[in-house]
Amino acid sequence: MSDTHTVLYDPLGLIEAELPLDRAPYEALVTAVLAWKNPDLEPRDYEQIALQLTGHARAVSADVRRHAAALPKSDGRGALAEVVLREADGRLSVPLEGTARCAQNRARLVRALYTRLDRLTEPVPAAT
C-alpha cells in the first residue's frame, strides 16, 4: 500500500453528481431499522448503523439540493425541497447516539429525503 493520497478539488460537486446513489441496500436498511420493535444491540452497533444512514442521508441530501437548484424559481417543488433540506440539515447536526431511537430517526430522514428526491425527478404533468 502506498503512503500517498490524492486530494480532489470539486467545489461544484460534479464528480459526486455523476455517481448514481446505490439506493436498494439503503432502502432495505431503512425498512429493517424502522421495523425494529425491541432490538437488543450493543450501543456501538446502533452507532454504526446510524453512521451508515447519516452518510447516505448526506449523499441523498446533496442530490436533492442539485435537483432543486436546477428547477425554475416558479416551480413549487423547489420550495418544498428547501424545507426538507433545512429539516435534514438540522437533524444531521445532532450528534449520533448509540440508541435504536437515533438509528430510527436517521432511517426516517433517509426515507423523507428519498421521497423528496422522487418528487423532484418525476416528470411534471402537462398543464391542460
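Predicted model: local features only at pLDDT ≥ 70, side-chain atom pairs only at ≥ 80, totals over all residues.
Of the 128 residues in the chain, 30% are buried, and among contacts between residues at least 6 apart in sequence, 74% join residues at least 24 apart.

Helix 2 covers residues 23-34, and its 12 residues reach 16 Å from the first C-alpha to the last, close to the 16 Å expected at 1.5 Å a residue. Within helix 2, the residues Tyr26, Val30 and Val33 are buried; seen down the helix axis, the buried residues fall within an arc of 70°, so they line one face of helix 2. An α-helix has 3.6 residues a turn, and therefore residues three or four places apart point the same way.

| Side of helix 2 | Residues |
|---|---|
| Buried | Tyr26, Val30, Val33 |
| Turned away from the buried side, exposed | Ala24, Thr31 |

What covers the buried residues of helix 2 includes helix 3 (43-69) and helix 5 (100-121).

The largest nonpolar core has 24 residues, of which Leu53, Val64 and Leu113 touch the most other members. Helix 2, helix 3, helix 4 (76-92) and helix 5 each supply at least two residues of this core, and helix 5 gives the most, with 9 residues. Leaving aside neighbours within four places in sequence, Leu53 is in contact with Leu29, Val30, Val33, Ala103, Arg106, Ala107 and Val110.

Methods
Residues numbered from 1 in each chain as written. Heavy atoms only, no water. Helix = DSSP H or I, 4+ residues; strand = E, 2+ residues; numbered from the N terminus. Expected span 1.5 Å × (residues − 1). Buried < 20%, exposed > 50% of the residue type's maximum accessible area, 1.4 Å probe, protein only. Arc of directions from axis to C-beta. Contact = heavy atoms within 4.5 Å. Core = buried A, V, L, I, M, F, W, Y, C linked by side-chain atoms within 4.5 Å.
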